[in-house]
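Here is a short briefing to read alongside the model. Have the sequence and the 3D view open, and let us walk through them together.

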Amino acid sequence: MPPFLIALVIVVGGYWLIRKSAKLPPALVPAFAQKLAGGAIIAFSALLMLRGDLSAALGLFVFGAGLYGKSALFPNGFGPKMAGAAGPRASSPPPVRPRGGMTREEALKVLGLKGSANSDEIRLAHKRLIKDFHPDKGGSDYLAAKINEAKDILLGA
């Protein structure tokens, strides 16, 4: 019976892992993989502890916690910060143009719409883009501001 349960946990966990990683934006996949590896190392250290090998378990636990980002020795995890500022969306904004605000044509291009877009299409395109490029999701303040400005121009707000 225990081998069946182990196999069931592996299949269900693999299915969950595939579904979870498929929904992530590409910029957040490295951070997810780092947390996943940290969690796996912590789980393995717990198994070693149960077997009585405390010295190896403690070392692996500290390493796994550092990968996961939850260690007193490494409060921010190991290596560069992967979630947020490391993506291509978070690069420095292009230089500010000397002229005024965005034109209607530019706003349509930003939202990826045609000139005949109605208000529902504008709101839908804005919602789709801001969900992906919001600073809380790994995007930048600059891009989120441009997406919001484009919506405001097209809706006349």
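The notes below go from the overall fold to surface patches, a salt bridge and a few residue pairs.

This is a predicted model, where local features need pLDDT of at least 70, side-chain atom pairs count only at pLDDT 80 or more, and totals for chains, interfaces and linings use all residues. Residues are numbered from 1 along each chain as its sequence is written, and side-chain values use heavy atoms, with hydrogens and water left out. The chain has six helices and zero strands, counting helices (H or I, at least four residues) and strands (E, at least two) as DSSP runs numbered from the N terminus.

**Overall fold**

- Read from the N terminus, the elements of the chain run α-α-α-α-α-α.
- Of the 157 residues in the chain, 22% are buried; buried means under 20% relative accessible area, exposed over 50%, and partly exposed in between (1.4 Å probe, protein chains only).
- Accessible areas come from the Shrake-Rupley method with a 1.4 Å probe, and for residues only the protein chains shown count as cover.

**Helix 1**

- Helix 1 covers residues 2-23, and its end C-alpha atoms lie 32 Å apart, in agreement with the 32 Å that its 22 residues should span at 1.5 Å a residue.
- The expected span of a helix is 1.5 Å times one less than its number of residues.
- Helix 1 is hardly covered, since the count of buried residues among its 22 residues is zero.

**Surface patches**

- Patches are made of residues with over 30% relative accessible area and no salt bridge, joining like charges within 9 Å and nonpolar side chains (Val, Leu, Ile, Met, Phe, Trp, Tyr) within 5 Å.
- A patch of positive charge on the surface brings together R19, K20, K23 and K137.
- For such charges, Lys and Arg count as positive and Asp and Glu as negative, while His and the chain ends are not counted; the place of a charge is taken as NZ of Lys, CZ of Arg, CG of Asp or CD of Glu.
- K137 sits in the loop between helix 5 (119-133) and helix 6 (141-155), and K137 counts as partly exposed because its relative accessibility is 47%.
- F44, L47, M49, L50 and L54 make a nonpolar surface patch of about 560 Å².
- Helix 2 (residues 29-51) gives the largest share of the nonpolar patch, four residues.
- L50 has its place in helix 2, and L50 is exposed because its relative accessible area is 69%.

**The salt bridge**

- How many salt bridges does a search of the whole structure find? The search finds one, a salt bridge being a side-chain nitrogen of Lys or Arg within 4 Å of a carboxyl oxygen of Asp or Glu.
- K146 forms a salt bridge with E149, and the closest N and O atoms are 3.4 Å apart.
- K146 and E149 are three residues apart in helix 6, so about one helical turn separates them.
- An α-helix has 3.6 residues a turn, so residues three or four places apart point the same way.
- K146 is partly exposed at 27% relative accessibility, and E149 is partly exposed with a relative accessible area of 25%.

**Residue pairs to look at**

- D120 is in helix 5 and is exposed, with a relative accessible area of 54%; D120 and L155 are 35 residues apart in sequence and 9.8 Å apart in space, C-alpha to C-alpha.
- L124 is also found in helix 5 and is exposed at a relative accessible area of 63%; from C-alpha to C-alpha, L124 and L111 are 9.5 Å apart in space and 13 residues apart in sequence.
- L48 belongs to helix 2 and is buried, with a relative accessible area of 12%; L48 and L60 are 12 residues apart in sequence, with 9.2 Å between their C-alpha atoms.
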